[in-house]
Amino acid sequence: MAKQALVVIDMLNTYRHDDADRLVPSVTRALPGIVDLLGRARAAGVPVIYANDNFGRWRSHHGQILDMALAGRHPELVDPVRPDDESLFVVKARHSIFYETPLAYLLGTLDVDALVLTGQVTEQCVLYSALDAHIRHLGVTVPRDAVAHIHGDLADAALRMVERNMGGRIVDAADIPW
């Protein structure tokens, strides 16, 4: 049986960017699924890894990124998904959670061979991360109700690509058996 990790992508967000107004409603809808997955993963001892943009601040660490997000326009979207003391954290600068980050090494040390990808943005960071996981022979599951998008049509296409082109599983968050 595959050992899974839950990856929370870019949920520590200031919502001070051009697409924020289009993104916020989708994040609001995805938030209950993400919170549920976080609680169940933590209770089951599943590794929780945050992969988050550093907003171009190369001297920041995860605590500062969290503080910036909580001081942003929508702290009510950040606070429920804040990392706990057991959470792992990878700073990323591009769309994929793997691109020039230590994530592949971290997953190897944890003996993880399957990822559950949550967060934002479905048609960007989630899609590119799923592809990079697939080419690394990692299983990919994306809970459709625990990812957020800017463009609904592109998000739907992204989830179809994950399923058809990468053999990923697209499920509801409640169907992930932790």
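Which residue forms a salt bridge with Asp10, and how far apart are the closest N and O atoms? The partner is Lys92, and the closest N and O atoms of the two residues are 2.9 Å apart. A salt bridge here is a side-chain nitrogen of Lys or Arg within 4 Å of a carboxyl oxygen of Asp or Glu.

This is a predicted model, in which local features need pLDDT of at least 70 and side-chain atom pairs count only at pLDDT 80 or more, while totals for chains, interfaces and linings use all residues. Residues are numbered from 1 along each chain as its sequence is written, and side-chain values use heavy atoms, with hydrogens and water left out.

**Salt bridges**

Helices (H or I, at least four residues) and strands (E, at least two) are DSSP runs, numbered from the N terminus. Both Asp10 and Lys92 are buried; the term buried means under 20% relative accessible area, exposed means over 50%, and partly exposed lies in between (1.4 Å probe, protein chains only).

The structure holds six salt bridges, and the table gives three of them.

| Salt bridge | N to O distance |
|---|---|
| Asp10 and Lys92 | 2.9 Å |
| Asp36 and Arg40 | 3.0 Å |
| Asp79 and Arg82 | 2.9 Å |

Asp36 and Arg40 are four residues apart in helix α1, which means that about one helical turn separates them. Asp36 is partly exposed, at a relative accessible area of 32%, and Arg40 is partly exposed at 21%. In the pair of Asp79 and Arg82, Asp79 has 39% relative accessibility and counts as partly exposed; Arg82, with a relative accessible area of 36%, is also partly exposed.

**Contacts of Gln120**

Gln120 is found in strand β4 (residues 114-120) and counts as buried, with 1% relative accessibility. A polar atom of the Gln120 side chain lies 3.1 Å from the backbone oxygen of Asp10. The side chains of Gln120 and Asn13 are joined by a polar contact of 3.5 Å. Such a contact is a pair of N or O atoms within 3.5 Å; within protein, one must be able to donate a hydrogen and the other to accept it, and residues adjacent in sequence count only if both atoms are side-chain atoms.

**The aromatic pair**

There is one aromatic pair in the structure. It consists of Tyr50 and Phe89, which are stacked at 6.4 Å centre to centre, with 10 degrees between the planes. Tyr50 belongs to strand β2 (residues 48-53) and Phe89 to strand β3 (residues 88-92), so the pair ties together parts that are 39 residues apart in sequence. Rings of Phe, Tyr and Trp (its six-membered ring) pair if their centres lie within 6.5 Å; planes under 30 degrees apart count as stacked, over 60 as edge-to-face and the rest as tilted. Tyr50 is buried, at a relative accessible area of 0%, whereas Phe89 is partly exposed at 23%.
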